[in-house]
Amino acid sequence: MSRDAASRLTALIERGEGDLETIAMSRGEGDALAIEVGGELGLRWRIAVVRSVMKDPPDGDAVRELYGELVDRYRDDPDRLVLLKPIGDEIRRLEAAGLLPSVMVARSDRRKKH
């Protein structure tokens with residue numbers, strides 16, 4: 001990981017957390033940087049993406065799909081899963097209130113087979 005990549009991702013995160021609508025414009029770059037940089041910054045970017053899609057979902061299952069991918073990615077990291085739980089709770093509240101589509105996303109078990 002380069003410092004430049006971390007700096008660029010930090011800038012995208014800070015801009016996106018301040019204005020979720022900017023996430024969509026920088027999604028390709030941010031996703032690539034999140035993979036390269038990883039760690040806490042990668043998680044912050046992915047959370048910002050989920051929050052952005054929650055604000056303006058492109059389709060009925062986009063929010064659940066992104067959230068499910070996030071949980072899958074951090075499945076073996078209890079500290080990060082604790083950070084994700086409030087997002088899942090918020091998604092369920094918004095679905096119950098009719099503010100987000102309520103869908104079931106069937107996901108396969110993506111854990112590594114030993």
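This is a predicted model: local features need pLDDT of at least 70, side-chain atom pairs count only at pLDDT 80 or more; totals for chains, interfaces and linings use all residues.
Is Asp61 buried, exposed or partly exposed? Asp61 is partly exposed, with a relative accessible area of 37%; here buried means under 20% relative accessible area, exposed over 50%, and partly exposed in between (1.4 Å probe, protein chains only). More on this residue comes in one of the views below.

View 1. Residues are numbered from 1 along each chain as its sequence is written, and side-chain values use heavy atoms, with hydrogens and water left out. The protein has six helices and zero strands, running α-α-α-α-α-α from the N terminus. Helices (H or I, at least four residues) and strands (E, at least two) are DSSP runs, numbered from the N terminus. The mean pLDDT (the predictor's confidence in each residue, from 0 to 100) is 90, and 89% of the residues reach 70 or more. Confidence is lowest in helix α2 (residues 21-25), at a mean of 94, and highest in α3, at 97.

**View 2. Surface and contacts of the protein.** Of the 114 residues, 36% count as buried. The accessible surface comes to about 7,200 Å², and 52% of that belongs to carbon and sulfur atoms. These areas come from the Shrake-Rupley method with a 1.4 Å probe; for residues, only the protein chains shown count as cover. A contact means heavy atoms within 4.5 Å. Among contacts between residues at least 6 apart in sequence, 61% join residues at least 24 apart.

**View 3. The largest nonpolar core.** In soluble globular proteins, nonpolar side chains tend to be buried together. A nonpolar core here is a set of buried Ala, Val, Leu, Ile, Met, Phe, Trp, Tyr and Cys residues joined through side-chain atoms within 4.5 Å. The largest one has 28 residues, and Leu9, Trp45, Leu70, Leu84, Ile87 and Ile91 touch the most other members. At least two residues of this core come from each of α1 (3-18), α3 (27-37), α4 (39-55), α5 (62-73) and α6 (78-96). The biggest giver is α4, with nine residues.

**View 4. Helix α4 sits largely enclosed.** Of the 17 residues of α4, 12 are buried, so the helix is largely enclosed by the rest of the structure. Among those buried residues are Trp45, Arg46, Ser52, Val53 and Met54. Their cover includes α1, α2, α3, α5 and α6. From first C-alpha to last, α4 reaches 25 Å, close to the 24 Å expected at 1.5 Å a residue; the expected span is 1.5 Å times one less than the number of residues.

View 5. The 12 residues of α5 should span 16 Å at 1.5 Å a residue, and its end C-alpha atoms are 16 Å apart, which agrees. Its buried residues include Ala62, Leu66, Tyr67 and Asp72, with α3, α4 and α6 among what covers them. Val63 belongs to this helix too, and is buried at a relative accessible area of 5%. Leaving aside neighbours within four places in sequence, Val63 is in contact with Val53, Met54, Pro57, Ile91 and Leu100. Back to the opening residue: Asp61 is in the loop between α4 and α5. Asp61 and Ser102 are 41 residues apart in sequence, yet 7.9 Å apart in space, C-alpha to C-alpha.

**View 6. Helix α6 and its kink.** With 19 residues, α6 reaches 27 Å from its first C-alpha to its last, close to the 27 Å expected at 1.5 Å a residue. A kink of about 30° lies at Leu84, shortly before the proline Pro86; the bend at a residue is the angle between axes fitted to the seven residues ending there and the seven starting there. Not counting residues up to four places away in sequence, Leu84 touches Leu43, Ile47, Tyr67, Leu70, Val71 and Tyr74. Arg80, Leu84, Ile87, Gly88, Ile91 and Glu95 are buried in α6, and their cover includes α4 and α5. After α6 comes Gly98, whose phi is positive, near 80°.

**View 7. Gly18 in helix α1.** Gly18 lies in α1 and is exposed, with a relative accessible area of 68%. Gly18 and Ala48 are 30 residues apart in sequence and 9.8 Å apart in space, C-alpha to C-alpha.
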